[in-house]
Amino acid sequence: MTSETASSEHPALPTVNKVTTEDITASLKAGFSDFLARPFMSGFFGLFYAVFGILLVWTLVWLGKIWMIIPAVIGFPLVAPFAAAGLYEMSRRLQRNESFGWSEILTVMANQRKREMGWMAFVTLFVFWVWFYQFRTVLVIVLQDSSFSDLEGFFQTVLFTSEGWLFLAIGTCVGALLSAVLFTVTVVAMPLLLDREIDFVSAMLTSVRVVRENPVVMLAWAAIISVTMILSLVPAFLGLIFTLPILGHTTWHLYQRAVTSPES
C-alpha cells in the first residue's frame, strides 16, 4: 500500500488553532446576533428543550422515582450539544447568507442519518446513562437507610443531613468528571460533524486537541456554559428558551475559530 493510498484512507485530522478569551467574546456576540436574526426559530429549540425538561421531571414525580430528579436535572445539560444541532445549521447558513426555512432546520438531524452524527448522539446518551448509574450507586451506598416517599423528604435528607452532604459531595465530584470528559470530546465535535464529512472518532479527537491546545480558554467556556445552564434551570427550565439558542449559536462560531477551515 502506497503512502498516498494510506493518506486517502486515513485523512489527516483538521488543524486546530489557538483561541483566546477575545474569541469567546466575539463568538458570544456573533451567537447573540444569530439569535436576534431568527429569534422565533432559535427560541423554538430552547422552548422544546425546556418543555422536555419539565415533562421529564413531572414524569419522574408521577412514577415515584424521586431519587432520579437530581441526576436528571443536573445531567440534563449534558445532552444540550446534540439538541443544538439545528442551531448550528442556522448559524452555518446565516454565515453563508443562505436562505432557509423551518423544514431545512427541523430536518437537519434526519439529513445526517447517513453520516456520523448518530454515533455522537450515542456517545452523549451513553455518558448520560453512566451518570444515572453512578448516581444510583452512590445513593445506595451513602443513603442506604433512608427512604424517599416524596420530594420533600428526599430534599430534607439530601440537604439537611451529614449523609446527604457526603452524598452530594461525592456525586458532584463524579458528575464534574463525567461532564469534563463529555465537554472535552464534544465541544467542537458536533458542529464539526455537521460541517464536514468526517468520522465521529476523528471529530472527538479534534475536540480533545482543541481543549488540549487551549486548556484555560476552554475551561472558561465550560464554566460559562455550566453557570448559564444551571441558572437557566432555576425558573422551571424557562431560562433555556433564551440561553440554549445563544449558547448553541455561540458554539458554532467558537468552533469556526478553533478549527481551521479546509479552504484555508
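The model is a predicted one, and a search of the whole of it finds 15 aromatic pairs. One of these joins Phe32 and Phe35, whose rings are stacked, with 6.5 Å from centre to centre and 25° between the planes. Both residues belong to helix H2 (residues 21-37), where they are three residues apart, about one turn of the helix. The two partners can also be described by their accessibility: Phe32 is partly exposed, with a relative accessible area of 40%, whereas Phe35, at 9%, is buried.

A further aromatic group is the cluster formed by Trp119, Phe122, Phe126, Trp129, Tyr133 and Phe200. On the surface, Trp119, Phe122, Phe126, Trp129 and Tyr133 make up a nonpolar patch, with about 660 Å² of accessible area together. Phe126, which is a member of the cluster and of the patch, lies in helix H9 (residues 117-142). Its relative accessibility is 45%, and Phe126 therefore counts as partly exposed, a class that runs between 20% and 50%. Another kind of contact with a ring involves Arg38, the charged end of which sits over the ring of Phe100, 4.1 Å from its centre.

Side chains of opposite charge can pair when their charged atoms come close. The count of salt bridges in this model comes to six, and among them is the pair of Glu213 and Lys18, whose side chains meet at 3.9 Å, N to O. Because Glu213 lies in helix H13 (residues 200-213) and Lys18 in the loop between helix H1 (3-9) and H2, this pair ties together parts that are 195 residues apart in sequence. Glu213 is partly exposed, at 31% relative accessible area, while Lys18, at 60%, counts as exposed.

The side chains of Glu89 and Arg92 also meet in a salt bridge, here with 2.9 Å from N to O. These two residues are three apart in helix H6, and so about one helical turn separates them; both are buried. Glu89 and Arg92 are linked with Arg93 in a network of salt bridges. Asp195 and Arg196 form a salt bridge at 4.0 Å, N to O, and both of these residues are buried.

Two single residues complete the tour. Most residues other than glycine have a negative phi. Asn97, however, has a phi near 60°, a positive value in a residue other than glycine. Asn97 is found in the loop between helix H6 (85-95) and helix H7 (102-106), and its relative accessibility of 73% means that Asn97 counts as exposed. His249, by contrast, is buried, with a relative accessible area of 0%, and has its place in helix H15 (residues 240-258). Although His249 and Ala30 are 219 residues apart in sequence, their C-alpha atoms are 7.6 Å apart in space.

Conventions: Residues are numbered from 1 along each chain as its sequence is written. This is a predicted model: local features need pLDDT of at least 70, side-chain atom pairs count only at pLDDT 80 or more; totals for chains, interfaces and linings use all residues. Side-chain values use heavy atoms; hydrogens and water are left out. Rings of Phe, Tyr and Trp (its six-membered ring) pair if their centres lie within 6.5 Å; planes under 30 degrees apart count as stacked, over 60 as edge-to-face and the rest as tilted. Helices (H or I, at least four residues) and strands (E, at least two) are DSSP runs, numbered from the N terminus. Buried means under 20% relative accessible area, exposed over 50%, partly exposed in between (1.4 Å probe, protein chains only). A charge sits over a ring if NZ of Lys or CZ of Arg is within 6 Å of the ring centre and within 35 degrees of the ring normal. Patches are made of residues with over 30% relative accessible area and no salt bridge: like charges are joined within 9 Å, nonpolar side chains (Val, Leu, Ile, Met, Phe, Trp, Tyr) within 5 Å. Accessible areas come from the Shrake-Rupley method with a 1.4 Å probe; for residues, only the protein chains shown count as cover.
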